[in-house]
Amino acid sequence: MSELKAFAIGSYTAVKYHPFAGVDQELQQILSPEFTVDASEDFGLLNPQSLKEYSLVVSYTEFSDHTIAPAHSGALLAYVAGGGGLLVVHNGISMQRNPELGAMLGGHFTHHPDYTALGINIPAAVREHPIVQGIDDFVIEDEPYYFDMHPYFETTVLAEYLHGGAMRQAAWCHEFGLGRVVYLMPGHHLPSFSVEPFRKLIARSAMWAGRLI
């Protein structure tokens, strides 16, 4: 069986907090052998002609005050709605700066307290979901992102963590049109990607979004 192709987008040059250099190589290793990964910071590659080559898009985009051009956000929306897979890791939720992309993501990042050790829990109710099958609870040092989940959107929370006296979302997934979307909260920096259960979570999320499981 030939490998599927994934397009990963992040920031190499205009980096505030989350450089893509190094993370791109980790993604290539984690998604192999199911996917070969093309990595870029060029939003111009979010166009119908380029996207039709890919079974999966991975977002690790940096937070920015600048919105994504309508031609590019519209192409990504159409790609996912038409059956494409989207895996969003940590700061990749910055795509929410375009409201239409934020709606597709299913939740809105509000802020994060200080970096700390987080106990990631897989709720019993979802342990049979293909993404989390065989993944045990784990601890990761990362930024505890807080979210407002969209009340009108049906999504499956795959993982949670206890912080600030409440259980908070650490991963979720849902269908969007004919496509699939997964969000994973961890991934602040390179050491995050050395945590084996998180690597497995990334790999299985990509496979689910790309309809391999």
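An open sheet of nine strands has the order β2-β1-β3-β4-β11-β10-β9-β6-β7, with mixed pairing. Strands and helices are DSSP runs numbered from the N terminus (E, at least two residues, for strands; H or I, at least four, for helices), and two strands pair if DSSP finds at least two bridges between them. The model is predicted: local features need pLDDT of at least 70, side-chain atom pairs count only at pLDDT 80 or more, and totals for chains, interfaces and linings use all residues. Residues are numbered from 1 along each chain as its sequence is written, and side-chain values use heavy atoms, leaving out hydrogens and water.

**Sheet and helices**

- The edge strands, each pairing on one side only, are β2 (35-40) and β7 (138-142).
- Neighbouring strands of the sheet are turned by 25° against each other on average, direction ignored; axes are lines fitted to C-alpha atoms, for helices over the stretch in contact, and angles run from 0 to 180 degrees between N-to-C directions.
- Four bridges link β3 (residues 56-60) and β4 (residues 85-89) in the parallel sense, and Val58 has Leu87 as its bridge partner in β4.
- Helix α3 (residues 70-81) packs on the sheet and touches β3, β4, β10 (166-176) and β11 (179-184), its direction making about 110° with that of β11; contact means heavy atoms within 4.5 Å.
- Helix α1 (residues 23-31) lies across β1 (4-10), β2 and β3, and runs at about 165° to β2.

**Largest pocket**

- The largest pocket holds about 260 Å³ of space; a pocket is an open set of points on a 1 Å grid over the protein atoms alone, where a 1.4 Å probe fits, with protein on both sides within 12 Å along at least five of seven lines.
- Grid points are joined across faces, edges and corners, and the volume is the space filled by probe spheres set on the points.
- Its lining has 17 residues, of which Ser11, Ala14, Phe43, Ser64 and Arg97 lie nearest the centre; lining residues have an atom within 4 Å of a point.

- Most residues other than glycine have a negative phi, and most peptide bonds are trans.
- Ser32 and Pro33 are joined by a cis peptide bond, with omega about 5°; Pro33 is in the loop between α1 and β2.
- His90 has a positive phi, near 50°, and lies in the loop between β4 and α4 (99-105).
- Arg211, in the segment after α5 (196-209), has a positive phi of about 60°.
- The C-alpha atoms of Arg211 and Gly85 are separated by 7.8 Å.
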